[in-house]
8 protein chains.
Amino acid sequence: GFAKIDHQRETRTGFPEIIFGEGKDAEQIISIISSLQQNTNRVLATRVDREKADAIKKVIPDIVYNAKARTVLWKSESEPDFLYNGYIAVVCAGTSDLSVAEEAAVTAEAFGVHVRRIYDVGVAGIHRLFHHLEEIEQATVTICVAGMEGALPSVVGGLISNPIVAVPTSIGYGANFQGLSALLTMLNSCASGVSVMNIDNGFGAGYFATTIHKIHRNTELLGR
Amino acid sequence: GFAKIDHQRETRTGFPEIIFGEGKDAEQIISIISSLQQNTNRVLATRVDREKADAIKKVIPDIVYNAKARTVLWKSESEPDFLYNGYIAVVCAGTSDLSVAEEAAVTAEAFGVHVRRIYDVGVAGIHRLFHHLEEIEQATVTICVAGMEGALPSVVGGLISNPIVAVPTSIGYGANFQGLSALLTMLNSCASGVSVMNIDNGFGAGYFATTIHKIHRNTELLGR
Amino acid sequence: GFAKIDHQRETRTGFPEIIFGEGKDAEQIISIISSLQQNTNRVLATRVDREKADAIKKVIPDIVYNAKARTVLWKSESEPDFLYNGYIAVVCAGTSDLSVAEEAAVTAEAFGVHVRRIYDVGVAGIHRLFHHLEEIEQATVTICVAGMEGALPSVVGGLISNPIVAVPTSIGYGANFQGLSALLTMLNSCASGVSVMNIDNGFGAGYFATTIHKIHRNTELLGR
Amino acid sequence: GFAKIDHQRETRTGFPEIIFGEGKDAEQIISIISSLQQNTNRVLATRVDREKADAIKKVIPDIVYNAKARTVLWKSESEPDFLYNGYIAVVCAGTSDLSVAEEAAVTAEAFGVHVRRIYDVGVAGIHRLFHHLEEIEQATVTICVAGMEGALPSVVGGLISNPIVAVPTSIGYGANFQGLSALLTMLNSCASGVSVMNIDNGFGAGYFATTIHKIHRNTELLGR
Amino acid sequence: GFAKIDHQRETRTGFPEIIFGEGKDAEQIISIISSLQQNTNRVLATRVDREKADAIKKVIPDIVYNAKARTVLWKSESEPDFLYNGYIAVVCAGTSDLSVAEEAAVTAEAFGVHVRRIYDVGVAGIHRLFHHLEEIEQATVTICVAGMEGALPSVVGGLISNPIVAVPTSIGYGANFQGLSALLTMLNSCASGVSVMNIDNGFGAGYFATTIHKIHRNTELLGR
Amino acid sequence: GFAKIDHQRETRTGFPEIIFGEGKDAEQIISIISSLQQNTNRVLATRVDREKADAIKKVIPDIVYNAKARTVLWKSESEPDFLYNGYIAVVCAGTSDLSVAEEAAVTAEAFGVHVRRIYDVGVAGIHRLFHHLEEIEQATVTICVAGMEGALPSVVGGLISNPIVAVPTSIGYGANFQGLSALLTMLNSCASGVSVMNIDNGFGAGYFATTIHKIHRNTELLGR
Amino acid sequence: GFAKIDHQRETRTGFPEIIFGEGKDAEQIISIISSLQQNTNRVLATRVDREKADAIKKVIPDIVYNAKARTVLWKSESEPDFLYNGYIAVVCAGTSDLSVAEEAAVTAEAFGVHVRRIYDVGVAGIHRLFHHLEEIEQATVTICVAGMEGALPSVVGGLISNPIVAVPTSIGYGANFQGLSALLTMLNSCASGVSVMNIDNGFGAGYFATTIHKIHRNTELLGR
Amino acid sequence: GFAKIDHQRETRTGFPEIIFGEGKDAEQIISIISSLQQNTNRVLATRVDREKADAIKKVIPDIVYNAKARTVLWKSESEPDFLYNGYIAVVCAGTSDLSVAEEAAVTAEAFGVHVRRIYDVGVAGIHRLFHHLEEIEQATVTICVAGMEGALPSVVGGLISNPIVAVPTSIGYGANFQGLSALLTMLNSCASGVSVMNIDNGFGAGYFATTIHKIHRNTELLGR
Ligand SMILES: Nc1ncnc2c1ncn2[C@@H]1O[C@H](COP(=O)(O)O)[C@@H](O)[C@H]1O
Ligand SMILES: Nc1ncnc2c1ncn2[C@@H]1O[C@H](COP(=O)(O)O)[C@@H](O)[C@H]1O
Ligand SMILES: Nc1ncnc2c1ncn2[C@@H]1O[C@H](COP(=O)(O)O)[C@@H](O)[C@H]1O
Ligand SMILES: Nc1ncnc2c1ncn2[C@@H]1O[C@H](COP(=O)(O)O)[C@@H](O)[C@H]1O
Ligand SMILES: [Mg+2]
Ligand SMILES: [Mg+2]
Ligand SMILES: [Mg+2]
Ligand SMILES: [Mg+2]
Ligand SMILES: [Mg+2]
Ligand SMILES: [Mg+2]
Ligand SMILES: [Mg+2]
Ligand SMILES: [Mg+2]
């Protein structure tokens, strides 16, 4: 019954089931993956550390573990890597935010969306961002990941007109308050096209960006 | 130079300039509207109370004032009302949140997007929501406005697969902390397709939903 | 003198003494249980981890350890399991909140109250809740346990008219702030029949629900 | 349809519809009362100031306005005042908390429940509380209203075994933070039988206490 | 120069130097004690865990370690235990707050003040407090230590007229926020004779109470 | 009964009854004063604005209104101004904190204690404080009132050895958060002899200082 | 004595006395200005609204009132406008922050420092900032004033190497929390040369920038 | 390209690249140092614990590790230790704040600035500060490091007229909230010449002070 529900879910929404790995042990994750494999072509687990991933791989060898993103992905052999043309952009500032950015990117890819990673463009050296503006502008959606003061989405939002999904990270110290500073920055952005996810919620951003990437059939520009 | 920039802006992004009315007096708003009229077909001002709106209308009679949304909208005669087919949904729970919901709806309409208002569907009587599910599912994006504990987007998010933009309002008292409660609820939503705007930021939600509604040309489902 | 007081206490209120295990070592807990056994038929200790429980069981073999709830329960042989007819319902959303839900359930059972566990009904898949509505409606009281954004009690509260005791859990991350988000949600619930316990306070909810379950003799519907 | 729903609601739950008067003008409240009168025998509106109440009374003369509670109550002539035997107790400390205590008391009375008011028993003079202990112990439920540091429910909770509904008020200054201090006190109460409502939510406490007062038919002590 | 200053300090104020042990290793503490011994008859170190205390005792065998209070006290052989008549009272509720209460008591004793410990009198069983009222009333000052909701000082403050020093502890969980709840309770106490120390600052309370205990020579009741 | 209680209270504790004027109208205050006059020689009301004071004075002409402190004081003709020798010191930094400082001073005086006001000694010009050190050192207790960052008690506490009662005020802006900054400063003071009252609680400080000033009979330095 | 101190102060530090106008009435400000005029050539009062300024001007006609900055400045006839070469830059984003920016600029000018105002350069249109980079780079210090999310100092800090003084303003709504968002952003800035003032403290920034502008004589680059 | 950028950076701003060691392993730090060595004469890494430092030293033996500051510094043989005359002062209160103070001092020294350390001058013994006033007054800038209540910069700011950079530390407990108390104190300082860095941000203070120390050539006092 468990698997049956999931199958219906993907048929209806196009979203495979996702496993939140935190607080589950390797055996539990293996058992859920195995169950899901019978009814879906794509299984994603997030927040899985390397130790658990190794244990899973011993039982299910064809998973792919992304250590940065801490994700485990399984795809059936017949399943194509990508389901849509176009791409989303994942932009982040520094090396500390990479883990969240990768969680976002891998989630979108798990749903069959192309991702362009633009990872070297923090506000402290704004010229680096400008080299990538055209690539960002061509994305359907841009995910902006930033810790510390979280100013990046405001700057990007002032330069492009497509939707921006901002993800604050918990990187920082002192008056950062585990990401609160970046969260408030993003909620108060004076650039208009910016919406916000929970602190460190790369998965949510990847999922949300995918819901946007998939809606194209419902709108059509009227002739003017 | 001022007007020239705005004209370019609309050509490039399709977004007319918006005036934030709070803290500006009627004369200032009139002067900005007049300046913008020379280069754009649509001018929107938000956070305008009735007194100011009356003063503006005396000088620029063809504006439309929406008292619920507290918006002033001007369109040139030749400008069509809508520029896109399809629609976005604006969902809210009770009468107290109407002002924010209307700000969102009017903003999207000002950009030429059709809006369906579904305003009677609070969580305290969940069956009311179910009567409108099909209409919500057909929207490209759903804006969910809620005060108090802000649970509505979580429920809607569990039922549909299109993107949801959640807007907390400052309606409530006591441990509501002027909307903080609803804001945290939405950021922590256990439903996946939910992104969040600042408290009471109906404008931002309408703007953001429009950026989504307009991206349709960039994506196409690959054959499977 | 210590045991004498407890005996009187149970006679007067029907509540056996409860031991808060956190910060006490196994020897201390054993010594308190032994003392209580001489004057009461039921002894409950909460917040006991498995290591301590094992140490206690070696000395007092007829205790029952519930690993999910982290409770140690002892009952005298002659003591019946249940003292009341009717039941309370304990409702929770996901696997992460199970520990708190079980603490609530076991506490009520320790006081002789029947409990129905309804553990698969998170807001993200609201239909699951509806399958259990009748069972919930027949309960004297419903304990609603939820982490993340904590929306479950609001939805349940809109559907039933019996008292609801909401328990926020500390499950979540980022802007969850260790359960603050769920706590505020529950305090601001727009459904009326909802009262709130401290974060993770499953014991308090079970105790409080039992005080409600036991008051039946004092009220009687007047003829109309 | 509006009235029909309400009628069913009362038949099903025994709860008449309640109007939240804050943010509604007199005309709106009059119109809702009139509509409800056709299908129910009891109509209650809360958070109504005297000015509005006077305006309502001119149109609907048989309402009763309680200035302390800021409530408007209408009952059909045939409707008995009370529907249940037994009573709930409403306990509060000082004159500043009276408004919230009265909102709780009037709400319970509007639902047909007897209320005993015990209003002179603040913690700063604990002996006053002891004179009323027997009366409190006989209540099915006790509502404890307190501002400042909110210690009253803890003291009462240590003395009686029936359920206690604690309501923090926003009375205080400085580090009181508009009732946050009393709210935290009540959530952390070391007395077990205490659940908590939102700051200043007298209505919710009265409603919740009534749900408890009405459940008597579902439980019966088993023979021992 | 270091020791010289300390000697003057005690001559002037009667207070021996105190060592804050947290963050210092055993060697450092030993070295400071040794230095102080040459110029003062009493040396106190706080926040010293047993491991460090054992290491100190090996080098300076005539120290007294109080494991509950986590204090190390050294007195010269000739030094009398007590310097004043009368006593202060240290009152606390439960076993969890004992460590802070003992730190307060030991600090006052280290300054030569008699202390009466009254440790079994939490608000949840208020009658226990009443048995000790006379003893509390005879104290010059009462130190009230409480965690959880911290209601004890309010109750004591309503019963006696001598000064009360309230110390919140960090004992609790959830909405306790590491002692914030008890701290706010004490700052907002509706009993008048209550002043407050930082969370867990037993040392500060003992020191402050001693400053009060020592001022007796400056005031004399005028004849009436 | 009301008056009888108060009379006993003063006999027992030496404290006349105090009226908290905030939220009471002139008539209520007049009525309470009149009642108290029959059984006590001193009546104090705090938080009374000039308008109310004028109305009270019309009915009870021999009250004294202190506009800075916002207090109303009545004494019977026969009552001496002061009951004790010695004095307490009230120290504050700038003109903005005067109102709280005066409330403290007037409260102590109302209880018959001499007060020395030292009002020109903010931390920004520390030399001013040094001119008054001897006077402060001779006080039994020192009340330190400070807004903004509230550093004054720390500096005074490092210079004298008698007890210090610190009162944070709500004076400041921005990250002052209505006195939270000064409150935290005082709670964390690295000077030891400092206890803290609620923000703006001048009354509490005056009352507490008086409880200290009055205890002199209970302690006597033992011969050494 | 009052005036004498101030005279010494300016001789020693070069800083004239500044009057904090908030909470002082016109008469008080006039009296302080008059007193200061006898010993200094420059008198500045901040936080003075127009009504007070008009009243002051009637008595002291040669003051200059800046309505944006809400400052009153008086200079003796002989006093030169500027005392230093070089300049500081005051940068701000939008019209809402102008009042704080002007307070900073006027304060520096009152101390004789040249100021360049660069007021049209918010992050939402970053290109506007680039047109002014050279002018900013030539300033000794740059004051960056920003409300909303407060990202401007981070961007400026990444582009220039001179010291930056960031001033958050209270402009914004919702999760802005009266400037807390901008304050945290600036404290967490990932650009290194940024220090922070209190929310809305334009005066402090102008004063601090002047202390920097004046130190030039103490340092000299060593030959390399 | 990486190294090329850095080289330009130093030429332009005089600031060598700094490595934030937290979250990087020894190999990563070694690799960045090696890369930077090819283009700059000074390489600084902060937040490096001893274990990592030892690993780095094995590969790059001519680094200097400062265990208090937790910094790794490398300078080319030819590079002079100091580049400027004059000095900055680093002032701190107690031993607990030393680590942050040293991070500030070492950072300034890494940029070639002389530093005077004045480390024994906490507010609790204010006379110690006065012995060093002249040395502090002669500094171009003073960095004030303080934990607990953080009052030191206010006192120093009232005594000198040169710029003060205040750094709160996270030292303290209870209502200290990991440095929040000291941070708020410094932001609200009633002494004017004070700007603030993030909690524990010694590096930022050292960097910022250096930007001030280097600007001397741009300003010159005009003849008067
Ligand atoms: N209600 C609103 N809430 C937040 N931002 C708004 C709102 N209305 C307009 N804006 C933004 O404010 C900018 C204009 O601000 P201003 O130049 O002050 O009129 C526009 O570009 C919008 O992006
Ligand atoms: N004082 C009150 N506080 C909180 N909720 C209330 C109060 N009074 C009425 N309500 C709730 O508000 C709902 C009606 O809201 P409305 O439709 O806006 O009048 C009722 O169903 C009540 O549950
Ligand atoms: N447990 C404690 N909590 C707060 N302050 C303390 C404590 N123990 C000692 N102190 C203070 O810390 C100072 C000594 O600090 P230190 O020089 O670091 O040993 C003494 O003067 C005491 O005032
Ligand atoms: N706008 C301002 N914000 C903060 N402090 C100020 C401001 N204006 C003046 N001050 C300070 O307030 C002090 C004077 O306060 P007062 O004696 O109350 O007039 C001066 O020494 C200034 O340092
Ligand atoms: Mg944009
Ligand atoms: Mg969904
Ligand atoms: Mg209900
Ligand atoms: Mg009880
Ligand atoms: Mg008392
Ligand atoms: Mg002292
Ligand atoms: Mg820079
Ligand atoms: Mg200064």
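How many nonpolar, polar and charged residues does the shell around ligand 2 have? By class there are five nonpolar, three polar and four charged. Here Ala, Val, Leu, Ile, Met, Phe, Trp, Tyr, Cys and Pro count as nonpolar, Asp, Glu, Lys and Arg as charged, and the others, Gly among them, as polar.

This is a predicted model, in which local features need pLDDT of at least 70 and side-chain atom pairs count only at pLDDT 80 or more, while totals for chains, interfaces and linings use all residues. Residues are numbered from 1 along each chain, chains are lettered from A and ligands numbered from 1 in written order, and side-chain values use heavy atoms, without hydrogens and water.

Start with the surroundings of ligand 2. Residues from chains B, C and D surround ligand 2, so the site is shared between chains. Among them are Tyr173(B), Ser192(C), Thr46(D) and Arg47(D). A residue belongs here if one of its heavy atoms lies within 4 Å of the ligand. Strand β1 of chain D (residues 18–20) gives the largest share of the shell, three residues. Strands are DSSP runs (E, at least two residues), numbered from the N terminus.

Now the polar contacts (pairs of N or O atoms within 3.5 Å). An oxygen atom of ligand 2 is 2.6 Å from a side-chain N or O atom of Ser192(C). For Lys24(D), an oxygen atom of the ligand is likewise 2.6 Å from a side-chain N or O atom. A nitrogen atom of ligand 2 is 3.5 Å from a side-chain N or O atom of Glu103(D). The protein covers 76% of the 500 Å² of accessible area (Shrake-Rupley method, 1.4 Å probe) that ligand 2 has on its own.

Technical notes
Polar contact = N/O pair within 3.5 Å; in protein donor to acceptor, adjacent residues only side chain to side chain. Helix = DSSP H or I, 4+ residues; strand = E, 2+ residues; numbered from the N terminus.
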